[in-house]
Every structure is written in structure tokens, then in C-alpha cells.
Amino acid sequence: MKAIEFNSLWILISLLCCQLLNTAEHEDVVKHAIKLHRGKGAAVTQRKQWVLENCRKLSGLLRQKNVVLNKLKNAIRSVEKDLGLSDEEKLFQVHTFEIFQKELNESENSVFQAIHGLQRALQGDYKDVVNMKESSRQRLEALREAAIKEETEYVELLAAEKHQVEALKNMQHQNKSLSMLDEILEDVRKAADRLEEEIEEHAFDDNKSVRGVNFEAVLRVEEDEADSKRNISKRKVEDDLGLSMLIDSQNNQYILTKPRDSTIPRADHHFIKDIVTIGMLSLPCGWLCTMIGLPTMFGYIICGILLGPSGLNSIKSIVQVETLGEFGVFFTLFLVGLEFSPERLRKVWKISLQGPCYMTLMMIAFGLLWGHLLQIRPTQSVFISTCLSLSSTPLVSRFLVGSARGDKEGDIDYSSVLLGMLVMQDVQLGLFIAVMPTLIQAGASTYSSIVMEILRILILIGQILFSLAAVFLICLVIKTYLIGPYYRKLHAESKGNKEILILGISAFVFLMLTITELLDVSMELGCFLAGALISSQGHMVTEEIMSCIEPIRDFLAIIFFASIGLHVFPTFVIYELTVLLFLTLSVVIMKFVLAVLVLSLILPKSSQYIKWIVSAGLAQVSEFSFVLGSRARRAGIISREVYLLILSVTTLSLLLAPALWRAATMKCVPRPERRSSI
């Protein structure tokens, strides 16, 4: 075995040396090497002689490399001593020689790395998959590093070529007189070069040595536009602008976020096409749902299903579409806050605080019980229970638009109770996101560290409660001293020009969103509080702002519901329809029953009739389960199968929500003739 390994190593050296020969001679050497390796067609003496000759060639190349390196060093010394060259020209020539030195050294290193790789492979056990995987990983890392070095060298050569062209132009300009226009253009060109050097961020060079940065192999994909010369030229232009798509080995797709040259305006045409397509298809889908008596939001979800990965797969910028859709959630909750005045909040704050807390605790208790029976990890049971306990604030707020509400003296408005409980669930969402890192680590914790984990969770809960207190204190200050003068100034400046009013209100929403995010509370809560603060200025103010913001909210809400449809997979639902229907009905019924039980305990007797409507509004699962589920799957809290089940159950519960809401409102909405009997 050792003899074979020895011969194989020297055969590899010979083959590497012969790469410098022509193609025909290279093929003859390969055939001869195969014969020598198999022991056929050559005597032992001839075999040794052939290896020695090729080793001499390799040693000759290495000696020649050393000679060239010495000449380059002498050339560098000569350039540095040349008084006829400027400092810039000296630097350029020295840099060019250094690039060539680096090329020679890298070529030599590649030869010995290949020999070392073959030696390591011959010593390995090819029945051991783990060993082969490790060898493959090491070769991949070596190739990545080599690619980075080659890319760096190529960029340096491009810079050297550019410098050479510039030097040639300067020589031509010195030999002829320039007109005034040419001199102006030359000055502009130099200023533009300096501008590019100043604004260019060397992100690649700055980050490639940062700890935690990995080199990945990616594919650069151009659009299939080779049908005409116009499209070919367009593709060349886009190639220069860097607008193509990159795909890594994990099938993640990337688009340009910040170009190297920031002086040229660019647009993400994929994103533009996606928004245009969603807007065009949402109209017939929403129209169809209106005709059959369903909420238009289901038409928008169907639009996302048709265009998403489970349909035509025409949406390229999925992350960007989802990001834009988040603004639909922000403005929806802002308008909810406009309708939910602080006076109504004070009336139901105890119910809003107690109801969601009791429901979440009961859901977690049931989850842990079922998890114990089904042998599911406690961390997974807690996550699934908490995730399913949340309800959809955007969906319910759409239900409440134009709904009948009880206004009888002494009665509690069901919309106020429902929105108050949903806001508290948004607070719980922020709390749960803050606790998720501890939940991730809890699965690997030992019994001796349980006390520390409980203390850590209690500390996190204390931090969230402190953040909530700080948020409400800030809201009190804003309401008392700032919001009135701020709105009066906006109203005065926006007479005849509504864009100032829209920008001012949007800026206030984003300010509250930023404050709550900095304090580690849900951003959605900040949007809601912004609306509640503005609604404190009176009914006329609310009506004016609502008329300006509603069209923006409607368009962004279309994008949001369409982005939900991108994560609905009908094929998976069809394959597991029986299981999913059972799980969905179980979750909806459980949430409805728990809500009825909790509200029966905390509602006053005069308002017991609203428990059925409020429970119907809380019986679905929040769309934020998509976000929580994706985070939990990346963190390893839940498996892929559980993640798909959560997505499907959430989607089906949202589809059932309108029917349950309509049934509850038709039978239980308080009317003068029914209140005495309820």
C-alpha cells in the first residue's frame, strides 16, 4: 500500500509538471502514467526513470521561479531609485511587480496543496462517510480561499490596467494642446474619479477577514432575454450595473441592495414587476370574493397563493414584498388606534389585561398536558401553545369596520373589549419574542440549571414590564405637552396641501414605532398607541386623518394579505387535509371555549352577552405565527413538519374566521329588542 501511495504521489507531481506541455504530449503522459500505476507495459527501471525525469522538470521550474523572483526584487529596487519617476508612478510599477510575485507564489502553493490533498485522500478510509465528508469540506474551503485570492488579484489587475490607460491618456494630452472644453471635461473626469474613490465602500475587503464570515459559492443568473439584440444589449448593461440574481448552494436567492457605484440610480425591476402583478391580480380576486359574500382579504390571500411558490412561482422578491406588507400592518393598527380612544381603553383596561393573560396561561397548561401525553419536548409545547394563543389584530380590525356596537348606558362595547385584548396580545408577542432566546437554550439545559433559567425568565419579564411602564409614561408626556401643538402646526401648514399632513402623521407613527422597538416592545403596539394619542384630540381630527391615511392603508394591506398567501401551500393541505381539518377545528373550538370561560368570569353581568362575539373574534390564529414559526424553525425549537402544520392551521383558521364572526354577529349582536332576553 505504501509503495502504491509513493508511486501515486510522484505520478501526480509528474502530471502537474506536464500541464505546461502541449495537449497532445499531455495526453501521452497521462496514458503512460496509467500504465505505470497499473504495472503494465513498463519495467521497474523504466518506471523509476520516467518519474525522475519529471521530478527534474518540476525542480527546474521551481529554480526558474526563484530566478524570476530575484529579478523582480532587483526591478523593484531600480524603480524605487529612479529619480525620473513620480511617486505615483513608482507605486504603480512596484505594485505591478508585486502582483506578478504573488502569482508565482500562489502557483507553487497550488502544486504542493494538490500533492498534500492526494496524500490525505490515499490515507483515508473510503468506507467512512464522515471521513469523506470532512475531506470534501477541506477541499471546498481550499477552493473558496483560492477563489477569493484569484478574485482579489483580478481586481488588482483591472486597477493596473485602468492606471495604464490613464497614463497613456496623460502622455497624449501632454503632446497636444487641449481646447478649453477638453480641459473642462478633463477636470470633471478627475473630479468624478476622486468622487468614486471617496464614496466607494470596500465592503468585500473589510468583511472577508471578519470572524464568522464564510466564503460561499454562488451562481450569477441573468434573465433569459437573448431573443433580440435589444435584450442582449440590455442584459450587458444590467451586468455592468450588477442587477443580476445570485443563488447560493442552499438555494437562497439574493438581489442587489447597495451598488458599488452609488452615482448611478438603479431600480429593482423584479420587485417592481412583483408589486405590479400583485396589484393587477388582486382586483379580480377581491372582486370575486365580494360577489360570493366573502371578505376581500381572502381574495388577496388567493392572489398570493396563485403567484407564490405553490402556484405560478412568479414572485421573485418575496422578502421585499413581505417587508412592504408589514407597513400595511402598521397603518392598519394605527387606524385601529384612531377608533380606540383612551376613554374607551380606561373603561375596559382590566378586562383587556386579565383576559389574554388567563387565556395564554390556560393554552400553555393544555399544551404541556398534551405534550406530556404525546412525549413532546416542553420547550416545543410552550412555543406551540403560545403561538396558537395569539389572534389576528389586522383581521379582526377589518371585521369591526362598520360593525354594530352596543352603546346602551352601562354596557361595555364589544369592539373595545376585543381590541383591548388584541392589543394586550401584541404586548405578549413582544414579551414572547424577548423570551425566545432563553426558550432556545432551555432545551439543552440540565436539571441543575433550571433555577437559573427560571430566574433569567423572571428577569426578562421584569425588563419587559419596565419597558411597558416607560412606554406609557412617554405616551402620557406626549399627550399632555406635545401632540396638541404638533397637530395644530401640521393642520396650519397643510391647508391646501395634504401631503404635509400625511407626512407629519406618518412620521409620528414611525416615531412611536421606533420608541417601542428601542424599548424591546412590539412595534405594532407603537403604531396602535400613535393612533390612540391622536384620537385624543377629538372626533374631527380623527375623521380628517382617517380620510388621508385610509387609501394608503388599503393598498399596503393588499400587499400584506398577498404576502400571507405566499406561504400557503395547497398541495400540503390537500395531502394532509384530514389531519389539518381536525387540528384546525380543535384549535378554533378550544380558543372559543377558553375565551367564553374567561370572559364569563371577568365580564360584568350586564355585559355577559358580548362574550360570544368577543370569543368568535379571538378564535383564529394570528398571522404572526408565520414570523414566530420561521424564527423557531431556524433556532431548532420546532421541526420542519411542525412548522408546516402551524402554517397550515393558521391559514385554515383565518379562512374559517369570517364564517364564525358572521354567525356570532348575526345571532349575538345586541339589539334593543333582544337585550332584555340575553
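Reader: To begin, over how many bridges do β1 and β2 pair, and in which sense?

Author: β1 and β2, the latter covering residues 245–248, pair over four bridges in the antiparallel sense. Strands count as paired if DSSP finds at least two bridges between them. This is a predicted model, in which local features need pLDDT of at least 70 and side-chain atom pairs count only at pLDDT 80 or more, whereas totals for chains, interfaces and linings use all residues. Residues are numbered from 1 along each chain as its sequence is written, and side-chain values use heavy atoms, with hydrogens and water left out.

Reader: Which residue is the bridge partner of Val 218 in β2?

Author: The partner of Val 218 is Asp 248.

Reader: And how many bridges join β2 to β3?

Author: Two bridges join these strands, which run antiparallel. Leu 246 has Tyr 254 as its bridge partner in β3.

Reader: What is the order of the strands in the sheet?

Author: The order is β1-β2-β3 in an open sheet of three strands, with antiparallel pairing. The edge strands are β1 (218–221) and β3 (253–254), each of which pairs on one side only.

Reader: How many helices and strands does the protein have?

Author: There are 24 helices and three strands. Both are DSSP runs numbered from the N terminus: helices are H or I with at least four residues, and strands are E with at least two.

Reader: Let us turn to the helices, then. At what angle do the axes of α17 and α18 cross?

Author: The axes of α17 (residues 498–518) and α18 (residues 523–535) cross at roughly 135° and come within 7 Å. Axes are lines fitted to C-alpha atoms, for helices over the stretch in contact, and angles run from 0 to 180 degrees between N-to-C directions. The two helices are therefore oblique to each other; angles under 35 degrees count as roughly parallel, over 145 as roughly antiparallel, 65 to 115 as roughly perpendicular and the rest as oblique.

Reader: Which residues of α17 and α18 meet?

Author: Among them are Phe 508, Met 512 and Thr 516 in α17, and Met 523, Gly 526 and Leu 533 in α18. By class, this contact of α17 with α18 has eleven nonpolar, two polar and one charged residues. Here Ala, Val, Leu, Ile, Met, Phe, Trp, Tyr, Cys and Pro count as nonpolar, Asp, Glu, Lys and Arg as charged, and the others, Gly among them, as polar.

Reader: Is Thr 516 buried or exposed?

Author: Thr 516 is buried, with a relative accessible area of 0%. Buried means under 20% relative accessible area, exposed over 50%, and partly exposed in between (1.4 Å probe, protein chains only).

Reader: What is Thr 516 in contact with?

Author: Leaving aside neighbours within four places in sequence, Thr 516 is in contact with Val 471, Val 521, Ser 522, Met 523 and Gly 526. Contact means heavy atoms within 4.5 Å. Thr 516 and Ala 470 are 46 residues apart in sequence and 9.3 Å apart in space, C-alpha to C-alpha.

Reader: How do α14 and α24 pack?

Author: α14 (residues 393–400) and α24 (residues 640–668) pack at an angle of about 30°, with their axes 11 Å apart. That makes α14 roughly parallel to α24. Leu 395, Phe 399 and Leu 400 of α14 make the contact with Leu 654, Ala 657, Pro 658 and Trp 661 of α24.

Reader: One last topic: where does Asn 313 lie?

Author: Asn 313 lies in the loop between α10 (296–307) and α11 (318–339). Although not a glycine, Asn 313 has a positive phi of about 55°. Most residues other than glycine have a negative phi. Asn 313 is partly exposed, with a relative accessible area of 42%.
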